[in-house]
Amino acid sequence: MSSDGPYDARAVCNLMLDMAALDGIAVSNLALQKLLYFAHARHLVETKQPLVTGYFEAWQYGPVHPAAYQAFKAAGDAPILFRAARREPLTGQESMLPSPQSSAVSHLIRSVMLSYGRLTPGRLVEISHAKGAPWEFVVNQARTHMALGLRIGDDVIRERFKFHKISVGAEPVAGEPVEDTPFT
């Protein structure tokens, strides 16, 4: 798999939302954050290159891309019915974000949406909290080491994504979170 990336995370989210809409899948911001993380992680593992620019942080309910979160937070816990746009800093004018044109990236996003897209947000959170996986590793490291922003580095994702395991069944064990928040 090759691509021209890394891409703006908001553009990848827009592509995910477009694919979800075609499949009749409603996606909240909490779910979108996990789907974006899974796509980015798979891309890192398969190509050794990041899918999106920026970074992920370990928030209460799993990995979150802060820029993508900000772009979609207005939806709250409801399904996202809009797309992120680019805002020109000097004029404030909005324009569409260019969608990734790579067929490999489209295939990856389609695969992630087919694998995870219909899972509940709580189930996605449960998967993202897997023992030994990147989110848990960073959170545990922060307990004994200084951590600024609880960033989940691409190197940690590459090394630890293999610890994510998916059990059969769509129901979460821990309940259904509705909105993510950073650790305070």
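User: Lys-162 sits in the segment after α7. Is Lys-162 buried or exposed?

Analyst: Start with the cut-offs. Buried means under 20% relative accessible area, exposed over 50%, and partly exposed in between (1.4 Å probe, protein chains only). Lys-162 has 60% relative accessibility, so Lys-162 counts as exposed. The model is predicted: local features need pLDDT of at least 70, side-chain atom pairs count only at pLDDT 80 or more, and totals for chains, interfaces and linings use all residues. Residues are numbered from 1 along each chain as its sequence is written, and side-chain values use heavy atoms, with hydrogens and water left out.

User: How many helices and strands does the protein chain have?

Analyst: Elements are DSSP runs, numbered from the N terminus: helices are H or I with at least four residues, strands are E with at least two. The protein chain has seven helices and five strands. Along the sequence the pattern is α-α-β-β-α-β-β-α-α-α-β-α. Of its 184 residues, 46% count as buried.

User: What share of contacts joins residues at least 24 apart?

Analyst: Contact means heavy atoms within 4.5 Å. Take the contacts between residues at least 6 apart in sequence: 76% join residues at least 24 apart.

User: How do I read a helix pair?

Analyst: Two packed helices are described by the angle between their axes and the distance between the axes. Axes are lines fitted to C-alpha atoms, for helices over the stretch in contact, and angles run from 0 to 180 degrees between N-to-C directions. Helix α1 (residues 9-22) and helix α4 (residues 103-116) pack at about 55°, with axes 10 Å apart. That makes α1 oblique to α4. The classes are roughly parallel under 35 degrees, roughly antiparallel over 145, roughly perpendicular from 65 to 115, and oblique for the rest.

User: What is the handedness where α1 passes α4, and which residues meet?

Analyst: The crossing is right-handed. From α1, Val-12, Leu-15, Met-16, Met-19 and Ala-20 meet Ser-106, Ile-109, Arg-110, Val-112 and Met-113 of α4. The contact has eight nonpolar, one polar and one charged residues. Here Ala, Val, Leu, Ile, Met, Phe, Trp, Tyr, Cys and Pro count as nonpolar, Asp, Glu, Lys and Arg as charged, and the others, Gly among them, as polar.

User: At what angle do α2 and α4 cross?

Analyst: Helix α2 (residues 29-47) and α4 cross at roughly 130°, and their axes come within 10 Å. The two are therefore oblique to each other. Their crossing is right-handed. Among the α2 residues that meet α4 are Leu-35, Phe-38 and His-43. This contact divides into nine nonpolar, two polar and two charged residues.

User: Is His-43 buried or exposed?

Analyst: His-43, in helix α2, has a relative accessible area of 0%, so His-43 is buried. A polar atom of its side chain lies 2.8 Å from the backbone oxygen of Gln-49.

Key:
A crossing is left-handed if the near helix is turned anticlockwise from the far one by less than a right angle, and right-handed if clockwise. A polar contact is a pair of N or O atoms within 3.5 Å; within protein, one must be able to donate a hydrogen and the other to accept it, and residues adjacent in sequence count only if both atoms are side-chain atoms.
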